[in-house]
Structures are given as C-alpha cells and as structure tokens.
Amino acid sequence: MANLGGKRGGYRVKFAALLAATTLGAISLTPSAQAQLKRIATANSITAQEKQQGAEAHPQLMQEFGGAYTGRQSPYVVQVGQNIAMQSGLGNARDFTVTLLNSPVNNAFAIPGGYIYVTRQLMALMNDEAELAGVLGHEVGHVAAQHSKKRQSAATRNTILGVLGAVVGGAMGDGGGLLGGLGGLLQNNAMKVAQLATLGFSRSQELQADQLGVQYLLSAGYDTGALATMLASLANQTALDARLAGTGNNSVPAWASTHPDPASRVRNAETLANRAGGTGRKRNADAFLAQVNGMTYGDDPAQGVVEGQNFIHPDMKLRFTAPSGYGLQNGTAAVTVSGNGGQAQFSMAPYNGDMNAYITNVMRAVAGKDSKVTPTNIQRTTVNGIPASYASVRANSQSGAVDLTVFAYEFSGNQAYHFVALTKAGGAGVFNSMFQSVRRLSNAEASAVRPRRVEVVSVKSGDTIASLSRRMAYDDLQQDRFLVLNRLASNARLSAGQKVKIVTYGTR
C-alpha cells in the first residue's frame, strides 16, 4: 500500500488477471470464423476515439498498479511489446505504449488505443522472451478484435470489482440503499477505468485472442508454443498460491473465476501452436534471463510487504496481523483481507484531527455519496498506545443483515489509517484480533524490511534442486516456489551451466 496521502479515498481497483481460463471444446473454425480471424489479423488502425479512451485511462491504471517499474527491464519490455503488437497490423511502433508495471500481482492486460501492460511479477514467472511476447500478443489480440467494446455493449456491469464490491455484488446481491451504494462507490471511482480493460471475455473471445497471439508469435519468428508454456506456469503458480493461502489446490484463481479449467487452456494453446507451425523456433532465453536478473520480486517495501499473516509498512512505520485463515493481498492504495467470515480493507483518508468526522466521512464514502448513513455510537479506545475510534452500522441485504465497521487509528495530528470491514450481522468480532494488532514499527524494525529480487544463477557441479531451493528467500515451500518459478518438474535433472532463477533478499 503506497503512501498516497488519502487520494481517491484510499480504495483499490482489483483487476482480475490475464488470460481468463476457458474450457474450450475442440479447436475448429468454420470458414466464416476463419475469414473473420483473417480480417482481424489485418486490422486497419487504431482509431482516434480509441486513442483518446486509452490516453484518459492510462494515468489511472498507472496509479492503480503502482506506476511504471523503473528498472532497466522496462525498455526491454517496450521493445518486445512493440514488436509483437506491430504483427497485428494495427499500426507502427509509435502507436503502442507498452508498460512494465511495478506490481506484485500476476497480471497483464491491454486497453483500446494501443496501451499494453504487464506486471513485473508476471514477467518474473516467465522463462524466456517468447513467453513475454506470447502474453503481450494475446492481449493485443483482444484489442485487435475489439473484444472490450463488444463486452461493454453486452453487459452494463463490469464484474471486476474491488473487494467490498465483490462481496456486495456477489455474496449479497445488488440491492438498493446502503448495499447498492457500496457497489456504486467502487463503480464510480474505478469502473470507468476497469471497463476499458480487456478482461472477463467469453470462451470464443479468449480463443480468438489465443489464436491471434499464436499468429503474432509466428509472424515475429518466435516459438509458437510459448503461450502454452506460459499458461502452464501460470496454472502452477495459481495452485501454489492456493496452497500458500490455505485454500487447497482446487481453489479457483481470480483470473479464472468464470472458467476454472486452466489445464484445458494449456492443451488448447498447444494445439494452436502445432496447427500454426513454428514450434521449436527462437525463445531467446538467455537474453530474457539477463534482463530479469535483479528485478524486484513480490512486494515493493515502498508499498509495504506481506509476510505470512502480517502486513508491514516500513515507510509508514506500522504493522498489523490478519486473523488465522484469512488471506492478505497488498495493493497500491489498500490492503485487502479476506476469508470466510468477512472481508476488509486497510487504507487511509484525509484527516484534520477530528476522528468523529473521519469515521463518518469514510463510512459515507463506502456507502455512497447519496447515502444517509451516520454512525451514531463512535467508541474511543487505545490500541498499543495509538488513539483509536470505531463504529458500526447495520443494513439489510438479500442474504440477510450485514455489519459495516470502520476502525480508525490516529498516528499523528494529520495522519490516520483505518480498516473498513464487511461481515454478516454480529460477525465483526472475527476481525477483533486484527483491529487490536495495529502497532508502530521501531526504526530498527523498519530498516530490517528488505525487498526480494530475482537472481539468475548458473548451476554448478553438485547443485541440486534441493540445494538451490534452500537459497530461496522464504521460510515455507522453498522447493515448490523454486520449481514453479523455473517451470521445472520435481524429478527434473539440472546440468552444470544451466541458468535458473532464485529469489534472494536485496537492499533498499
């Protein structure tokens, strides 16, 4: 969570991630579908309207995803992205804005106007340049086929909501009053941007984007199997993330929420590659690994870090602990905490020394600007020496009564932080331990927070998967993390001189 000084109310857009998995049947196209694909592949150009849409959304997307990554990897990503985008026929290199985002989320997307994005976390999961080109080519395919426009015309509501909106819109239904306002806030603040992102597509649209992505790989001289291997890595990472979150291997990832079968997606991508030809061509693994070496991995300490159940922000000098069984996800403007008993966000808002006004403003912001919600019983307390206040309101929903709780902390006369928690009526107690865990960091504790970085190493004689895994900068599942990061099977044999990625601690 970056120190945004309360801008935009401190709420985060949660974008579902790239390449929503789909259970496609046999890959066969009718003559009319083949003709349509050919027309898409030779698209004319990016329109002035699309350029305007993209230019308006770009700054907001940059803010939501932590801005551009400033490492030396960025020019490399731009070069690869512009090259693959030009295969679409939409324009020349100057027509495409390719951005490597400083985000710890596995994600990639594109919006109209030639704006293409990939996060550093997803780049770290890749193992060669062809996979990078395949991911970006898939996203360009969505733009070339105008899937975003078609999706917007087919639905009046985007399903990619922030965490509270997801609770309201999914678990509780889209009611009026307070609950309608909760979803409305996230739509008003974020959905104008989210509606442009190429996400949540149909099976046929995903197939089209895959086909176009493979075709772009072929045109650019890359191995057409790269999209399939990248999807395999993403599926493995999703399974690992589920284990780390304690939800098991069968957990449906955010990017696959409507099509929970990534294995079939991998098989289909392999079939596409075999039909297109061009497997076994350039991968540029060495050039890619040289670029990814040294890149930040996971959370950027400037935005705070998640360590197990703890969130630690060395710049803000604070930390808190989520309840056991609850997952933490760090965003650029808020930290989301989610579990079966409820969901919450930790963020900040403008503060002028009046805690009653602060809680009232936060609650009304969440409920919607037209809401009449007013906390009637704001309680004061102290948490680990920090002055704090809290209040709850109750509202009815289609699935029963719910409680909205705001628990705020005064860190100074002009700086406050808060949790917004949404639970079933009477259930706010599930977050009591978290509310009481907020404390200040000492200077020594803040200085001890270090970033993780990708380090590319050459396998030496005697190195094994087990010995290299022990060098991973984690206390848990070191070998599993190493295998997924390098797309290796547990019985893989390493050879001297082979390059592999490990994650180590760096310096700030």
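Predicted model: local features only at pLDDT ≥ 70, side-chain atom pairs only at ≥ 80, totals over all residues.
Trainee: Which residues of H3 are the buried ones?

Mentor: Start with the general idea. An α-helix has 3.6 residues a turn, so residues three or four places apart point the same way. Now the case here: the buried residues of H3 are Gln 73, Ser 74, Tyr 76, Val 77, Val 80, Gly 81, Gln 82, Ile 84 and Ala 85.

Trainee: And how far apart should the ends of H3 be?

Mentor: Count 1.5 Å a residue: the 14 residues of H3 (residues 73-86) should span 20 Å. The end C-alpha atoms are 20 Å apart, so that agrees.

Trainee: Let's do strands. In what sense do E16 and E17 pair?

Mentor: Antiparallel, over seven bridges between E16 (residues 452-458) and E17. To find your place, look for Val 454, which stands opposite Val 503 in E17.

Trainee: Is E17 mostly covered or mostly open?

Mentor: Mostly covered. Five of the seven residues in E17 (residues 499-505) are buried.

Trainee: Where is confidence lowest, and where is it highest?

Mentor: Read the pLDDT, the predictor's confidence in each residue. The chain averages 80, and 76% of the residues score at least 70. Helix H7 (residues 163-171) is lowest, with a mean of 29, while strand E15 (residues 439-440) is highest, at 98. Over residues 153-199 the pLDDT is below 50, though this stretch has 109 contacts in the model beyond near neighbours in sequence. Residues 248-260 are also below 50, with 23 such contacts.

Notes. Residues numbered from 1 in each chain as written. Heavy atoms only, no water. Helix = DSSP H or I, 4+ residues; strand = E, 2+ residues; numbered from the N terminus. Expected span 1.5 Å × (residues − 1). Buried < 20%, exposed > 50% of the residue type's maximum accessible area, 1.4 Å probe, protein only. Pairing = 2+ DSSP bridges. pLDDT = per-residue confidence, 0-100. Contact = heavy atoms within 4.5 Å.
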